[in-house]
Amino acid sequence: TDNPGKKASAFTKKPKTTEVVEGDTAVFEAETEKTGIKVKWQRAGAEMFENEKYIIKAEGNKHSLTINNIGREDDATYAVIAGSSKVKFDLKVKEPVPAPAPEAQPEPPLDPVGLFVTRPQDGEVTVGGNITFTCKVAGASMLKKPSVKWFKGKWMDLGSKVGKHLQLHDSYDRNNKVYIYEMHIIQAKMTYAGGYRCEVSTKDKFDSCNFSLIVHGKIICFQHYRNVLLTAAGTMCHSNVLLPPGKSEPKTESQPDVDVWDILRRAPPSEYEKIAFQYGITDLRGMLKRLKRIKKEEKKSTAFLQKLDPAYQVDKGQKIKLMVELANPDAEVKWLKNGQEIQVSGRYIFEAVGNKRILTINHCSLADDAAYQCVVDEEKSFTELFVKEPPILISHPLEDQVVMVGERVEFECEVSEEGAAVKWEKDGIELKREETFKYRFKKDGKKHYLIINESTKEDSGHYTVKTNGGESVAELIIQEKKLEVYQSIADLTVRARDQAVFKCEVSDENVKGIWLKNGKEVIPDERIKISHIGRIHKLTIDDVTPEDEADYSFVPEGFAYNLSAKLRFLEIKIDFVPRQEPPKIHLDFMGQAAPDTIVVVAGNKLRLDVPISGDPIPTVIWQKLRPKPVLPLLPAPEWLLSETEGRVRVEMHEDHCIFIIEGAEKPDEGVYRVTVKNPAGEDKADITVKVIDVPDPPEAPKIIDVGEDYCTVQWQPPKYDGGQPILGYILERKKKKSYRWMRLNFDLLKELSYEAKRMIEGVVYEMRLYAVNSIGMSRPSPASQPFMPIAPPSEPTHLTVEDISDSTVTLKWRPPERIGAGGLDGYNVEYCKEGSTEWVPALQGLTERTSALIKDLVTGDKLYFRVRAINLAGESEPALTKEPVTIQEILQRPKFWLPRYLRQTLVKKVGETINIVIPFQGKPRPKVTWTKDGQTLDAKEVGIRNSTTDTILFIRKAEHHHSGTYEVEVQIENMNDKVAITMQIMDKPGPPQNVKIIDVWGFNVALEWKPPQDDGNAQISGYTIQKADKKTMEWYTVFDHYRRTNCVVSDLIMGNEYYFRVFSENLCGLSETAATTKTPAYIQKTGAIYKPPSYKEHDFSEAPKFTHPLVSRSVISGYNATLSCAVRGSPKPKIFWYKNKVDLSGDAKYRMFSKHGVLTLEIRKPSPFDGGFYTCKAVNECGEAEIECRLDVRGNQISVDNILL
């Protein structure tokens, strides 16, 4: 079929959808109107090219595509394109027919009821552990991969929860032709416990499977409280946890899966709430809306062969296809969104393939989350599309920052989606716009900013940005404004016409300053230049003259600093004596003695001028003396300086010579000798030149100790100190994934180690440092090895001795309060004899459990026990028993701890499972005996399991004859204890007896009946009366929960005949059948107008009055609690509940019920904070009444004194 919207087609013959057996060959043919048209073939939208598998031929206007050796992968949608015409067709691949099986083996069913080969099984896991659920689906008979969804509870789709703790995987086993689906739960939490469901669906089949997950949390050490928990668990399931060691749970028959939709579809509306309660449905209203839609669509469609699914789900930004199949391939369809017709656009694409109609939605957004319809003539197919928004991830994290007081701070992060909502926190407290607008929040596409305009010392701390998919933390350090001098200006001694450069470096590149000469500001000109580049300030004087000799100072603006240095003018004079006297060299420094050493800063220029006079003109020779050799017998070589060009050179002039070093370097250090010669003699002078520089960078620092939020850094001095003493060190750190280094100290570190603090546990850091001397800072050292601040966990808590025998001790404890980023590898258990200091390992290696059974101990020994928690950072402090434990079994009197719910009659329904757990104490192990009404129990009907601490009674399917009084006795020699349990097994009642029509008058019928013969072993709570017109026989409920055995049915239609039926009801529900009237009641037509007698209307109005008061209660924290009272009044009063005078109507924690005048307030899992005075207030137009009670909520900790009683 052509694509919609094309008026004409270039094809006269089109390829058709074909079904082929796997391994065969398929041929598709097409003919075009004209010859010479270029034709393309496509598979799943991609162009096909000829090869061994695909053979493409074109002869005139005939074109063909041949596919050889067809496999499952060839099952797809193909298309042929000529010009602007495009025709789509399908290739369907089916399995080859298997060879007939031997007669001895039964042939497997062609259409199995279920799709599962292996269903997921119930599982158990401890908190923090991992578990995998696996299901296998038969794939031999499937043309396409089935769709599998995992749910928690009833309707929570786990596909939207995939992340750190949940992963879904699927694979295909080609050998067995089975699809394998797995759900991995990682680091389980207590909230993960509950019921789960796996649904698998294909084009025409559907199957589901329920399973449950039990998550074991922290074990409470108190024996009595453990038994209470086990009892509560025992009422829900018969678990291996409750069986004696070494015994397994008895095998139970697998219960068939329950289809709640089918139950709701068949049930009357009056049963909806009961079904919702029985099967744990929380969104009953939403289910009923969908059920109503499903019921409407149950009528057989004449226009649709396949309708839309009830709902679809797609990730935001992805595309989705909605597809229907039509009975008439030429029918026109309309697509509607929320009742409005959808127009063709770049995002909405309509396709027609054979009798299929497809709506494709590209780049789904939240606006596409809506209800959709496909309309054909007068028939409609409905569906809902749910667009799932992916979690927002932080693609560019925050960076640490160090600023001065008053400076502007700007934190920046980038997230994965534009317009995403983020939350900013400081030290765990959410930041909001205050009245002073201290914090400013800014969004720019995917980037989010937190701006602090004028920072203060109080703004220091850790700042966090959070999204629904992650978080990022950065540290802000605010320092008081303090200018530091990294390099001070140094004294200079220069020659005439040399260049003098004063240079200093300060910590703030924005600080300006002025230069002073003898207290007066220096004005720059062509010869004197002042520069400021970054943190470096320079004063350069070219062609130095004697007038330039002075004290120079640099004064930074806004700081009480004054950096001073002197400029000395060096003049070298050579006095030439008359011809008969040799020349002499006089080093004159403005009247001062010549210094032995000239110091020059690395990189500066050194220039020495030597004036020459005499007759004849003397010859000047410059030499650099080599260092003295190690062996004194070898002569010290000299280096003659004669170059006139280059970095180190000598310039010769008629009346003077100049010695120049451009950009002094370390190798330029040494002793330079100047020699003056003429025929009358010679003179010599030695000048020592010393080059000073910043130090070499130190080696990479080492991390020698790591804690929870600190580390100790150690380093060695640099190999070369630059010719000046090392003044100290500067240390920096950064996060491993960051590029910004943050300085840790503002005062120079004098030592070779430092303890860095205020780090975030679990974050990877690196360290580096600088060496500082009087010239300046070195280059940074290489970064240290990455490290993560972690700390050992705290010690285990609540270490107790649970049980002692003649050779064993059972210990239990709770996990540490603080585990940290290092996690928890396990526990180390040791013991030590009293009076000894040697601790002996009690177990081989580490144990991950929070309990340990230590065996092979010597009877009578007194031992101390200790437990340590271990992780990557090391061992925790030990948890130690306070007193020595004597290895000797303790005699304990037998005693039952009967759970509270068993102290009254236990009511169960026929067919339910009964699982009763009764804890007891007693040592040595007591003998347990069960009886019913004085007779020994039949082991075929009732299962009994006994352990050292409890006994279990298990009945797989309860029957009426199981009702009665059960007695259980524990006995140790002549000591015993007994308890009795009364059990009532009830069933639905039988139908009422003798339903009669007593009278018919006007529009009314009077009925009467007798109670049922079988009450189901429970009190009859009421009756349900229904009527049906004889013409339609559709039944409608007239009364429900009706308590009397007679009633009057009114408002009947004149001229109709009615049948009536009555159901009886008890705690189990309505009777299976109803008692029906044998003859119908006819409502006669009357010719005369009936004039009823006039009666004085009685006023039934009454002010509200409480007939049953609220009773003060004391409940246990964590268990639902209810407060009840009864009220009457006419008209029906409005009810208000208050706690400590505060209205509770808007609080989701409380649920209020009102039924036949009985008022109930349910408090969900109260805590001690829910205690107080509760008030119930009833108001109608005649008045009001209120009543009050007190509720105390106690903690659920059970003291050791109660356990020992």
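Modeller: Let us begin with Trp-515, which has a relative accessible area of 2% and is therefore buried; buried means under 20% relative accessible area, exposed over 50%, and partly exposed in between, with a 1.4 Å probe and protein chains only. This is a predicted model, in which local features need pLDDT of at least 70, side-chain atom pairs count only at pLDDT 80 or more, and totals for chains, interfaces and linings use all residues. Residues are numbered from 1 along each chain as its sequence is written, and side-chain values use heavy atoms, with hydrogens and water left out.

Colleague: Why does Phe-554 count as buried?

Modeller: Its relative accessibility is 1%, so Phe-554 counts as buried.

Colleague: Why is the pair of Tyr-196 and Phe-211 called stacked?

Modeller: The ring centres of Tyr-196 and Phe-211 are 5.8 Å apart and the planes stand at 15°, so the pair is stacked. This pair links distant parts of the chain, with Tyr-196 in strand 17 (residues 194–201) and Phe-211 in strand 18 (residues 206–216), 15 residues apart. Strands (E, at least two residues) and helices (H or I, at least four) are DSSP runs, numbered from the N terminus. Both Tyr-196 and Phe-211 are buried.

Colleague: Why is the pair of Trp-515 and Phe-554 called tilted?

Modeller: Their ring centres lie 5.1 Å apart with the planes at 50°, so the pair of Trp-515 and Phe-554 is tilted. Here too distant parts of the chain are linked: Trp-515 is in strand 40 (residues 513–517) and Phe-554 in strand 44 (residues 550–556), 39 residues apart. Elsewhere, ring pairs join Phe-28, Trp-41, Tyr-78 and Phe-89 into a cluster.

Colleague: What makes Lys-895 a charge over the ring of Trp-897?

Modeller: A charge sits over a ring if NZ of Lys or CZ of Arg is within 6 Å of the ring centre and within 35 degrees of the ring normal. The charged end of Lys-895 sits over the ring of Trp-897, 5.7 Å from its centre. Arg-1061 likewise lies over the face of Trp-1035, at 4.3 Å from the ring centre.

Colleague: How do you know that strand 81 pairs with strand 84?

Modeller: Two strands pair if DSSP finds at least two bridges between them. Strand 81 and strand 84 (residues 1057–1066) run antiparallel and are joined by eight bridges; Gly-1022 has Glu-1065 as its bridge partner in strand 84. Strand 81 also pairs with strand 82 (residues 1035–1042), in the antiparallel sense over five bridges. Of the eight residues in strand 81 (residues 1022–1029), seven are buried.

Colleague: Why is Thr-881 called buried, and which residues does Thr-881 touch?

Modeller: Thr-881 has a relative accessible area of 8% and is therefore buried. Contact means heavy atoms within 4.5 Å. Not counting residues up to four places away in sequence, Thr-881 touches Leu-799, Val-801, Tyr-864 and Phe-865.

Colleague: What makes Arg-814 count as buried?

Modeller: Arg-814 has a relative accessibility of 17%, so this residue counts as buried. Arg-814 is placed in strand 62 (residues 809–814).

Technical notes
Phe/Tyr/Trp six-rings, centres within 6.5 Å; stacked < 30°, edge-to-face > 60°.
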